[in-house]
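Student: I would like a close look at a single part of this model, with the details set out carefully and in order.

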Amino acid sequence: MSSPDRHARAMLPIPDRPSPGLTTYDAKDPDTAFPPIEPLLPPRGAPNVLVVLLDDVGFGASSAFGGPCRTPTAERLAAGGLRYNRFHTTALCAPTRQALLTGRNHHSVGMGSITETATSAPGYCSLRPNTKAPLPMTLKLNGYSTAQFGKCHEVPVWQTSPMGPFDAWPSGGGGFETFYGFIGGENNQWEPALYDGTTPVEPPATPEEGYHLTEDLADRASAWVRQQKALMPDRPFFVYFAPGATHAPHHVPKEWADRYAGEFDDGWDAARERTFARQKEAGIVPAEAELTARHAEIPAWDEMPEDLRPVLARQMEVYAGFLEHTDHQVGRLVDTLDELGITDDTLIWYIIGDNGASAEGTINGAFNEMANFNGMAALETTEFLRSKLDELGGPESYNHYAVGWAWAMCTPFQWTKQVASHWGGTRNGTVVHWPRGIAERGGLRSQFTHVIDVAPTVLEVAGLPEPTMVNGVQQSPMEGTSMLYSFADAAAPERHDLQYFEMFGNRGIYHRGWSAVTKHRTPWVMMGGHVPPFDEDVWELYDGGSDYSQARDLAGDKAEILAGLQRLWIIEATKYGVLPLDDRGAERLEPARAGRPTLLRGRSQLFFPGMGRLSENSVLSIKNRSFAVTAEVEVPPGGARGVVIAQGGRFGGWAVHVREGLMTFCYNVLGIRHFVTVADVPVPAGTHQVRAEFAYDGGGLGKGGDVRLYHDGEPVGSGRVELTQPAVFSADETTDIGYESGTPVSPDYTAATSRFTGRVHWVQLDLGDDDHDHHLDPEEVLRIAMARQ
């Protein structure tokens, strides 16, 4: 796309090459001459690149692909560019993101699953090999300005503390000069845990002041683009805009959800039929495409309790408003390009989802999705959900929609996110817009493409070679195929004609139109459930040449073709590090069993004042065991108030704090029940040791225990916690000392009033060593999950 330049760019950084010539003794000598210093730039004609990656959006959600959620920005870009209706992801967030940024299959870069379930197996370790440098690094070392805004879920969990190491962080070793966003799988849109580079920062406003994370990200990205073009107009940029939307929690201002009032009252089956009709009418799916049948695991709308249906309908209204709101923020960023006059020279990828729609919200949906992650979804009864209907989407919720809605948002395909075997988990609508490089307007492309194709396409468009050496390390080839050939020719034969898929044992293979697939496990069964041996999985076979949606299983008629594809899957799986297959669940949550490192050793951890934003993986786990918290505090003469230590937040966690001078222990179960133990006497003025002890009952996971409070070793109070969270407190809240960031564990204080008014000298967390401690045993997880149904 651009003419050759004078740099040898296959080795990065580009080696400095001193210019030969006369060296004079005196700089005033008239023969003294040196070539001017020239900043490193990409080859002439290299465009700006904007990659937008939304989260958990199914193929049939966006109006740009026939869905019920209005996305005018996606439609506008599609009208001026190309829609891709056979673009694929990996079926899960972190794997898709690492594949996108490296141009390699997700197992090749160690991201066979999410970072929280990493193991020591190379394909699942969450560590990107240094032989597979990310695209942003390649672009930066070739003279691009690089910036990321939003979600980063590619940092190994043992590297997420404020001490790093930061090699896997976007602005550390990820190749981005600027990063503003969050680390992890999801975040509270109203009160997020943000980083500017590697520095923790607080949101610039509160929910009451109108703050919303996606709006903040659009503000930051737009400001960065304006500044970059004001100061470096000749240098192209690479911007990766990856908001946490529309991953749960589905947080959105009420007025956006209210735009959809009544539109989903007839349920997901009817919504799916309407979406399919629109897809057919718009030509987004072939005329002969069929709407796949509903699986028995997914209830029909008419099977849902009538008194629950208003809640279910509101869940979808909230989600639709969330997606439209997100698309609007993308539109603001695109408007910035328009205002600067650079849209024509910017290659925009709008990937509408990093996987299919998420069915992790249970059959009934959730007011707090952490309930399901702890096997405690039964606590959210129909009565409870009805009582929270008006709060869905607001700051008091951590909500998710029902499985049926996720399925409908993946129309016309089977299944959803996590199910890498079927297109419902992996096929995502994608728009490519580049007026200077794409002549056709409003075109449709149906070549098979995959997220690993983005990186090689960007390099070809920019006129850059794939590097053979980066930072002194020889590089392995990218595994994707450039899509540039398809920009100009809708009828061009597809070049990416072989692709394996695998996630949690759900697996498939695509080869020259045919796909062989087998679903291994159901995504919304987080704990328990029957998972068959791999060799008992039933394989299906589809002919993509005549069956776009995988509606007609030909396994019984084409056994020879199926056998050949199964063999090919084994070959590809071996080549890219998929084996051994790993469908373990609970075992992989514990670092020792999974074989991944942990920051912590022993049964005691010491904290100091000001420490904060410590993820759950940076703190000793107190779940399913006895523990004690001891702190040395200095209380002023008038008494003290505020947090001594807090872990988690409004939607689950625990805290030791001082309220009206009284030491208080609060255990918050999912925001549904608060167990509070308060000391009988105030903490005296001066320096003292306060201590809270929790004696776990034992007998399984998630049990209760007795609480005892002490001042300087003297008992001052006791209480009871009837049940606890067995697996996880939060995906985004943290542990803080002397204050609390994010949302408060206890309703007795807010983040603004949480700072301890005296002085916390130190806090020590000690795990009990009694016989009542319990760990996440798979059979026990099954029992507790079944008991709570």
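Student: Which residues in α4 meet which residues in α7?

Tutor: In this predicted model, the α4 side of the contact consists of Thr-214, Glu-215, Ala-218, Asp-219, Ala-221, Ser-222, Val-225, Arg-226 and Lys-229, and these meet His-325, Thr-326, Gln-329, Arg-332, Leu-333, Thr-336, Leu-337, Glu-339 and Leu-340 in α7. Taken by class, the residues of this contact divide into six nonpolar, six polar and six charged. As for the geometry, two packed helices are described by the angle between their axes and the distance between the axes. Here helix α4, which spans residues 213-231, and helix α7, which spans residues 309-340, pack at an angle of about 10 degrees, and their axes lie 9 Å apart. Because angles under 35 degrees count as roughly parallel, α4 is roughly parallel to α7. The crossing in which α4 passes α7 is right-handed.

The largest cavity has a volume of about 70 Å³, and its lining, which includes Asn-187, Glu-191, Arg-613 and Asp-732, has two nonpolar, four polar and five charged residues. The second largest cavity holds about 40 Å³ of space; among the residues that line it are Ile-622, Phe-627, Tyr-667 and Tyr-696, and its lining divides into five nonpolar, two polar and two charged residues.

Methods. Residues are numbered from 1 along each chain as its sequence is written. This is a predicted model: local features need pLDDT of at least 70, side-chain atom pairs count only at pLDDT 80 or more; totals for chains, interfaces and linings use all residues. Side-chain values use heavy atoms; hydrogens and water are left out. Axes are lines fitted to C-alpha atoms, for helices over the stretch in contact, and angles run from 0 to 180 degrees between N-to-C directions. Helices (H or I, at least four residues) and strands (E, at least two) are DSSP runs, numbered from the N terminus. Angles under 35 degrees count as roughly parallel, over 145 as roughly antiparallel, 65 to 115 as roughly perpendicular and the rest as oblique. A crossing is left-handed if the near helix is turned anticlockwise from the far one by less than a right angle, and right-handed if clockwise. Contact means heavy atoms within 4.5 Å. Ala, Val, Leu, Ile, Met, Phe, Trp, Tyr, Cys and Pro count as nonpolar, Asp, Glu, Lys and Arg as charged, and the others, Gly among them, as polar. On a 1 Å grid over the protein atoms alone, a cavity is a set of points where a 1.4 Å probe fits but cannot get out, and a pocket is an open set with protein on both sides within 12 Å along at least five of seven lines; lining residues have an atom within 4 Å of a point. Grid points are joined across faces, edges and corners, and a volume is the space filled by probe spheres set on the points.
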